[in-house]
Amino acid sequence: MPLPQALVPELAGRCKAFGPGGLAFCFVDLDALAGLIEDHGEDIVRRTLSESEAERYFGFRHEKRRREFLGGRLAAKQASRDLLGSTLEFGRMTIEAGATGRPSLALPPPRPEPDPEISITHSGGLAGAMASHRGPCGIDVQAVVDSVDRVREKFLQGREARLLAEALPGEEERSRLTILWAAKEAIRKTFSSTGIIGFLEQELVAVGPGAAGGQTLEIVMPNRGLAPVRVRAFLHGQSAVAFCHHPA
Ligand SMILES: CC(C)(COP(=O)(O)OP(=O)(O)OC[C@H]1O[C@@H](n2cnc3c(N)ncnc32)[C@H](O)[C@@H]1OP(=O)(O)O)[C@@H](O)C(=O)NCCC(=O)NCCS
């Protein structure tokens, strides 16, 4: 099956070089995936999704949502296989969505102990996912758009803009803001099993250089009783990519 044609291995490699061990990543080019669906029809869908996932897929009316759903699940299954060193067929893996939409991986027996945690994102022409043996995780891709400036007060506070400007003086402001937005979304996903954490409950306190040309953002949540979280983030073309895992 030509699915590898839709993967973006250099982006997964960049995340892997940046993150600690025990994490795996996969990204899917959604335009390439659309081309494969056009060429190979439902075969691609049936081979990538389990029966229950295919039912959800065909229930979506819009092609865009179908592509995002398929791309996200393909990415999460490939990342999980990489983490586990497994060759399990995609159709035998199911990604279930909890009541809030939080994804979890269901594998047939013998199940690994513990099951990997996963996180999924899609934005613009990309879907991406991570799988973690380091506890709950979150990944987010955000396309850099001008309108981020109009909603800045929803997620930006205090000295955050100054910290970002000092750390990333060569970047446009909209790119810096998008990095912070993606970082806070990654944290929301990581901790969502105990309720979604507001953007303004999270405060950026430090930005430092990271591997592979990225930044490490240290974010605290003073009212949540959580240890500071280190979010890895970088710009890739016209998108910001951010990921983190539970620090415990
Ligand atoms: C979950 C959330 C962080 C997603 O972020 P986003 O930047 O808008 O969208 P992304 O494309 O990056 O991510 C979408 C993926 O996030 C995942 N996701 C959805 N809800 C999630 C949650 N509660 N926790 C973690 N991940 C979640 C899904 O896998 C989804 O993809 P899929 O539907 O194709 O499987 C954001 O929408 C949010 O805060 N939602 C609120 C959820 C909530 O409070 N629900 C309660 C009422 S049911």
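Mentor: Two strands pair if DSSP finds at least two bridges between them; strands (E, at least two residues) and helices (H or I, at least four residues) are DSSP runs, numbered from the N terminus. The model is predicted, with local features requiring pLDDT of at least 70 and side-chain atom pairs counting only at pLDDT 80 or more, while totals for chains, interfaces and linings use all residues. Residue numbers start from 1 along each chain as its sequence is written.

Within these terms, five strands form an open sheet in the order β6-β10-β9-β8-β7, and their pairing is antiparallel. At the edges lie β6 (137-143) and β7 (203-209), each of which pairs on one side only. From one strand to the next the twist averages 25°; axes are lines fitted to C-alpha atoms, for helices over the stretch in contact, and angles run from 0 to 180 degrees between N-to-C directions.

In general, strands of a sheet pair through backbone hydrogen bonds, either parallel or antiparallel.

A helix accompanies the sheet: α8 (residues 173-190) lies across β6, β7, β8, β9 (229-236) and β10 (239-245). Relative to β6, helix α8 runs at about 150°. Contact between two residues requires that their C-beta atoms, placed from the backbone, lie within 7 Å.
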